[in-house]
Amino acid sequence: MKQKVMLSIHSRQTYRDQDPEEIELVTPGEMEFVDGGWNIRYEESEMTGLEGVWTVFRVEREKITLTRTGALRSTMEFQMGVSHDSLYQLEFGALMVTVTATQMFYDILPEGGSVDLVYNIEIENMHAGVVEYHLDIRAVA
């Protein structure tokens, strides 16, 4: 059963030769326990630069999958120390990205929880930087 939630999301992206970019977002979403894992879903906003995109964090034992649909399409899989390739499809074209999780933690119950994810990202086989996500999830009555 889908549960309405309030998400507090903090992301930090550190790319080569650039100052880190940090975004704090509080947004409504939903979470659902399906097939042994949690789906946490929300709509991106203008603040994140991804307006018109839906994001789903799929949290399973030893694996997190980040899927985006809409104006941007991608599916990135994260397992500790394992590199995963995926296509990052934008309106103007596509990029090949490789992600490798360096930190993963989650603690989710029906009333809420948290997810932490840190990963290295390569774009077209060149190290591009490090991305960090922290999600706080709180059930809404």
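Modeller: A strand here is a DSSP run of E with at least two residues, and strands are numbered from the N terminus. The model under discussion is a predicted one.

Biologist: Where is Ser 114 found, then?

Modeller: Ser 114 belongs to strand S9.

Biologist: Is Ser 114 buried or exposed, and why?

Modeller: Ser 114 has a relative accessible area of 14%. Buried means under 20%, so Ser 114 counts as buried.

Biologist: Which residues is Ser 114 in contact with, leaving aside its neighbours within four places in sequence?

Modeller: One part of the list is Phe 105, Tyr 106, Asp 107 and Ile 108, and the other part is His 134, Leu 135, Asp 136 and Ile 137.

Biologist: Let us turn to Thr 27. Where is that residue found, and is Thr 27 buried or exposed?

Modeller: Thr 27 is part of strand S2. Its relative accessibility is 10%, and because buried means under 20%, Thr 27 counts as buried.

Biologist: What is Thr 27 in contact with, apart from neighbours within four places in sequence?

Modeller: Thr 27 contacts Val 5, Met 6, Leu 7 and Ile 9, together with Tyr 42 and Glu 43.

Biologist: How many Å separate the C-alpha atoms of Ser 83 and Asp 136?

Modeller: They are separated by 26 Å, and the two residues are 53 residues apart along the chain.

Biologist: New topic. Which residues of the largest nonpolar core touch the most other members?

Modeller: They are Ile 40, Phe 57, Phe 78, Tyr 119 and Tyr 133, in a core of 31 residues. Strand S10, residues 126-139, gives the most to this core, with 5 residues.

Biologist: What is Phe 78 in contact with, leaving aside its neighbours within four places in sequence?

Modeller: Its contacts include Glu 62, Ile 64, Leu 66, Val 99, Met 104, Leu 117 and Tyr 119.

Biologist: How many aromatic pairs are there?

Modeller: The count comes to 3 aromatic pairs. In one of them, Phe 33 and Trp 38, the ring centres are 5.0 Å apart and the planes stand at 65 degrees. Planes over 60 degrees apart count as edge-to-face, so this pair is edge-to-face. Phe 33 is partly exposed, with a relative accessible area of 47%, whereas Trp 38, at 13% relative accessibility, counts as buried.

Biologist: What sort of pair do Phe 78 and Tyr 119 form?

Modeller: Phe 78 and Tyr 119 form a tilted pair, 4.5 Å centre to centre, with 40 degrees between the planes. This pair links distant parts of the chain, since Phe 78 is in strand S6 and Tyr 119 is in strand S9, 41 residues apart. Both residues are buried.

Biologist: What about pockets? How much space lies in the largest pocket?

Modeller: The largest pocket holds about 510 Å³ of space. It is lined by 23 residues, of which Gln 13, Tyr 15, Leu 50, Arg 68 and Tyr 88 are the closest to its centre.

Biologist: Where does the largest share of that lining come from, and how do the residues of the lining divide?

Modeller: S1 supplies the largest share, 4 residues. The lining divides into 16 nonpolar, 4 polar and 3 charged residues. Strands that each supply at least two residues include S1, S2, S7 and S8.

Biologist: One last matter. What is the phi of Glu 62, and where is its place?

Modeller: Phi of Glu 62 is near 65 degrees, which is a positive value in a residue other than glycine. Glu 62 sits in the loop between strand S4 and strand S5. At 57% relative accessibility, Glu 62 counts as exposed, because exposed means over 50%.

Biologist: And what is the phi of Glu 124?

Modeller: Glu 124 has a positive phi of about 50 degrees, although it is not a glycine. Glu 124 is placed in the loop between S9 and S10, and at 43% relative accessibility it counts as partly exposed.

How values were computed. Residues numbered from 1 in each chain as written. Predicted model: local features only at pLDDT ≥ 70, side-chain atom pairs only at ≥ 80, totals over all residues. Heavy atoms only, no water. Core = buried A, V, L, I, M, F, W, Y, C linked by side-chain atoms within 4.5 Å. Buried < 20%, exposed > 50% of the residue type's maximum accessible area, 1.4 Å probe, protein only. Contact = heavy atoms within 4.5 Å. 1 Å grid on protein atoms, 1.4 Å probe; cavity = no way out; pocket = protein on both sides within 12 Å on 5 of 7 lines; lining within 4 Å. Points joined across faces, edges and corners; volume = space filled by probe spheres on them. Nonpolar A, V, L, I, M, F, W, Y, C, P; charged D, E, K, R; others polar. Phe/Tyr/Trp six-rings, centres within 6.5 Å; stacked < 30°, edge-to-face > 60°.
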